[in-house]
Amino acid sequence: MRHRIRSEAILDEATARLATQLNVRPGEAAAQLARMAQHSGLDLIEVAKGIERPQEEETLALAVPAWVSGMLEAVHASALYLTPVKDSLGRVVDFRILAANRHAKTVPGRPAGELAGQRLMTASPGVASSGLLDDYIAVYETGEPVCREPLEYMEVMDFLLWPATLSVRASRVDDGLLVSWRALDDEELLVSGWERAQRLAELGWGEWNLATERTLWTPQMYEMFGRDRDSGPMSLEELPAAVVPEDLPIVEDMVHSLLEFREAVETEFRIQHRHGVRHLSVFSEPILDSDGLPVKVRCLAQDVTKNRRRERALAVAHEQAHWQRERAEEEHRITVQLQNTIMPIRRGLIHLPGLTVGVRYLPGEELTRLGGDWFKARLMPDGRVLLAIGDAMGHGLTAASIMLQMRSGLGGLAYTGADAGRLTTWLNDLIVHSGEGVTVTGTAIIGHFDPDERTYAWTSAGHPPPVLIRNDHAALIHGAEGTMLGAFDVTEYSLTTTRLEPGDVLLLYTDGIVERREQDLETGMEALIHAAHSCAGEDPEEIIACLLKRLGGENAEDDICLIAAKVL
């Protein structure tokens, strides 16, 4: 913070110095300073440090009219009489101090004797950065006086900042300016700080004199009640007319408590503001005379409209979150029931001709991410074994519904005896035309195992390739790749035939086993191959358990479905 303040002081004084040297306005000097830094390649602060103080001009004894001296001595604060300094175009760019009264003293403490005859920006560089110089020029050109109170002023001298809170006045007199200033005392600073606090906290104070019917309001009260200051403060009798009708009983009870029971009241009511309804929190108290009769009512009011709006917005957000949570829980319950109905078998061994098949389905760790993973391992009438796995895109009830379409649709189509390529094409048509205007997609590997030939004839619809474990060695089986189901209306799928040997283990899986947030898909596939190589064994269930342990499947974010088919 000190470093930033120091840099600010250097820039402000350098700007005032350069403006005096070039006889230009401070804004033009600041732009020139920036260009100097750009052309030199130096830091702006370094360039600013190199701007030297203007040489002292020879100040001749200035003839000061007697009326100027008399006027200045009549001012009880620091006062100067300034005459304009113009550039070649006739613009006022600075002022010269023609005379100063005996009280005059700059913020850093320079007395009157050192000020007369100097240019204003030389004697008081802070007038440039504070905007006072612009005010003085405007007063000179327009004739309109200015009063700045309170003004948080920063004087700059010898690259140091001298802060002060001032009351500054300027008025044009003849062909010059009469400028006066004084530092605010402690009481004035407290009053000024209280006024700023009222604005920041949107606080207002009012007093109603019941005997004289005189009302006092702070400026913030006018703003809170949306009342024009020219109309004066609102009387106590006028207050009910400004209140929202529904809150009239609150105000009536407040007045009754103040005047009848003579008790202080803290309450909240709404008023009809010109910019809409406002919420006011009001603390009121009666002022009693020596006989205990109320003679005044004072109140402290705060505009709490923003707080009430935030509370309403928060309540609406909580209600929506509650509704969405209930909906998500209901959807989750239905999804789980649907999954249990479709896939009652989640783990175990299935004995089929020529195969012992281990299966495992694990829902994702996050309940909201229940997916649409599915599998099929079934003996067909022609003696082949349908071995398929798939993943409906998405999560929740939608994914479960798509899964139902895929799994049930495949189960029915498989009884036609068609090969896996034809089944996949038909399944794609079924999904495309059952979306009811919504794009429904999924991936799958669909194939038939022939126990006599020990072959697996399969096709891929955008699904990760199978893994073959043979002689304790694992590798991906690459085949013809097809587009995912539901992506295109007309799609043909090619068939790949993989010859298997006794003891081989064919591993089908969904992407939940290889996808992780912190790694890419290729890394996940490499991890699967390495784990499959280490998990080669006799029992398909043991192989699956080993894979899940090594790959952290028990804590997976997405669903996982695994099929390990061992060839007999």
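Buried means a relative accessible area under 20%, exposed means over 50%, and partly exposed is in between (1.4 Å probe, protein chains only). The model here is predicted, so local features need pLDDT of at least 70 and side-chain atom pairs count only at pLDDT 80 or more, while totals for chains, interfaces and linings use all residues. Residues are numbered from 1 along each chain as its sequence is written, and side-chain values use heavy atoms, leaving out hydrogens and water.

Q: Why is Phe95 called buried?
A: Its relative accessible area is 0%, and the cut-off is under 20%, so Phe95 counts as buried.

Q: How many aromatic pairs does a search of the whole structure find?
A: There are 4. Rings of Phe, Tyr and Trp (its six-membered ring) pair if their centres lie within 6.5 Å; planes under 30 degrees apart are stacked, over 60 edge-to-face, and the rest tilted.

Q: What makes the pair of Trp67 and Tyr81 edge-to-face?
A: The ring centres are 5.7 Å apart and the planes stand at 80°, which is over the 60 degrees needed for that label. Trp67 sits in helix α4 (residues 66-73) and Tyr81 in strand β1 (residues 78-86), 14 residues apart, so the pair links distant parts of the chain. Helices (H or I, at least four residues) and strands (E, at least two) are DSSP runs, numbered from the N terminus.

Q: Is Trp67 buried, partly exposed or exposed?
A: Trp67 has 39% relative accessible area, so it counts as partly exposed. Tyr81, at 3%, is buried.

Q: Why is the charged end of Arg172 said to sit over the ring of Tyr140?
A: The rule asks for NZ of Lys or CZ of Arg within 6 Å of the ring centre and within 35 degrees of the ring normal. The charged end of Arg172 is 4.1 Å from the centre of the Tyr140 ring, and it sits over that ring.

Q: What makes a set of residues a nonpolar core?
A: The members are buried Ala, Val, Leu, Ile, Met, Phe, Trp, Tyr and Cys residues, joined through side-chain atoms within 4.5 Å. In the largest core, of 41 residues, those touching the most other members are Leu80, Leu82, Phe95, Leu120, Tyr136 and Leu177. Helix α7 gives this core the most, with 6 residues. A second, separate core has 24 residues, including Leu355 and Phe449.

Q: How do you know that the buried residues of α7 are on the same side?
A: Leu132, Leu133, Tyr136, Ile137, Val139 and Tyr140 are buried in α7. They cover an arc of only 160° around the axis, so they share one side of the helix; the arc is that of the directions from the helix axis to the C-beta atoms. The face turned away from them carries the exposed Glu141 and Thr142.

Q: Why are strand β9 (residues 276-288) and β10 said to pair?
A: Pairing needs DSSP to find at least two bridges between two strands. β9 and β10 have 9 bridges, in the antiparallel sense. They form a hairpin with 5 residues between them, and Gly292 in the turn has a positive phi of about 85°.
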